[in-house]
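Hi everyone, thanks for coming. Let's take a few minutes to look at a model together.

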Amino acid sequence: QRMYFLWQLSKHNLPQAMMVQFCTAIVESVLTFSIMVWFGSATKHHIRRLQRIVRSAEKVIGCNLPSIDELYTARAKKRVGKIISDPSHPGHKIFEALTFGKRLRTVKTATARYKNSFYPRVVATQ
């Protein structure tokens, strides 16, 4: 529905920078609402459908936009930084750096519920 407004902006020959800003503010914010919660359990089919919306916005604007995976990775890194810097956060102890300091230690569990959650997915992307 918000793509309609993007098409209207392109019809009126607005500058590309303004259209990218509109896309980031309106379309991307809707697509990535609570992405930290739903991305881990989203199927490839759902992610492809969302990526199709991003590609159609790219065609309207005429430039490349970040993919859904890139948006998730960027927001996940930002969220992990906040969790690591706040010792009172319940997940602070989960993000323990390995001895050489570049990667994070993973927590070993056998449940699928934990494996699909935010923590192991973020550790894998770091």
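Where is T32 found? T32 sits in the loop between α2 and α3 (35-38); helices here are DSSP runs of H or I with at least four residues, numbered from the N terminus. Before going on, a word on the source: this is a predicted model, where local features need pLDDT of at least 70, side-chain atom pairs count only at pLDDT 80 or more, and totals for chains, interfaces and linings use all residues. Residues are numbered from 1 along each chain as its sequence is written, and side-chain values use heavy atoms, leaving out hydrogens and water.

T32 has 2% relative accessibility, so it counts as buried (under 20% relative accessible area, with a 1.4 Å probe and protein chains only). Setting aside neighbours within four places in sequence, T32 contacts L71 and R75, contact meaning heavy atoms within 4.5 Å.

Now the helices. The axes of α1 (residues 2-11) and α2 (residues 16-31) come within 10 Å and cross at roughly 175°; axes are lines fitted to C-alpha atoms over the stretch in contact, with angles from 0 to 180 degrees between N-to-C directions. The two helices are therefore roughly antiparallel (over 145 degrees). On the α1 side, the contact is made by R2, M3, F5, L6, L9 and S10, and on the α2 side by M19, F22, C23, I26, V27 and V30.

Finally, look at L6. Beyond its neighbours within four places in sequence, L6 contacts M19, F22, C23, A57, V60 and I61. Thanks, everyone!

Note on methods
Parallel < 35°, antiparallel > 145°, perpendicular 65-115°, else oblique. Buried < 20%, exposed > 50% of the residue type's maximum accessible area, 1.4 Å probe, protein only.
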